[in-house]
Amino acid sequence: MRFHGAADAYGWYRSRRGELARGDALPKAFYHARSAANAAIALADLERMLTRLGRKGQKALTERNADYPATAACFETLLREGSYLMH
């Protein structure tokens, strides 16, 4: 999985987690074995990164409050370290 930035990665994470939580249908990312494995690994990695940001950071990403620019920069650094950032 590769993302354009913090907003892209966080949006992907929230939509996949929401799809899994609803349990209505299998998310598209999980249709094939390879993409299912990649999506599961990415979900686990993003969850670990978000845990490192803490509740305040996750709230900033969700609400895009005053802490958003600093939190997004930190999240993008973590994404870059995990080779999840496209640029």
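Is Tyr-13 buried or exposed, and with what relative accessible area? In this predicted model, Tyr-13 is buried, its relative accessible area being 12%.

**View 1. The stacked pair of Tyr-10 and Tyr-13 in helix H1.** Of the three aromatic pairs that the structure holds, one joins Tyr-10 and Tyr-13, whose rings are stacked with 6.4 Å from centre to centre and 25° between the planes. This pair counts as stacked because planes under 30 degrees apart fall in that class. Both residues belong to helix H1, which covers residues 6–22, and they are three residues apart, about one turn of the helix.

**View 2. The aromatic cluster of Phe-3, Trp-12 and Tyr-84.** The rings shown here come from Phe-3, Trp-12 and Tyr-84, which together form one aromatic cluster.

**View 3. Arg-16 and its contact with Ser-15.** Arg-16 is a residue of helix H1, and its side chain is joined to that of Ser-15 by a polar contact of 3.3 Å. Arg-16 has a relative accessible area of 15% and is therefore classed as buried, the cut-off for that class being under 20%.

**View 4. Lys-56 in helix H2.** Helix H2 runs over residues 33–63 and includes Lys-56, which is exposed, with a relative accessible area of 60%. Between the C-alpha atoms of Lys-56 and Glu-19 there is a separation of 24 Å, the two residues being 37 residues apart along the chain.

Key: Residues numbered from 1 in each chain as written. Predicted model: local features only at pLDDT ≥ 70, side-chain atom pairs only at ≥ 80, totals over all residues. Heavy atoms only, no water. Phe/Tyr/Trp six-rings, centres within 6.5 Å; stacked < 30°, edge-to-face > 60°. Helix = DSSP H or I, 4+ residues; strand = E, 2+ residues; numbered from the N terminus. Buried < 20%, exposed > 50% of the residue type's maximum accessible area, 1.4 Å probe, protein only. Polar contact = N/O pair within 3.5 Å; in protein donor to acceptor, adjacent residues only side chain to side chain.
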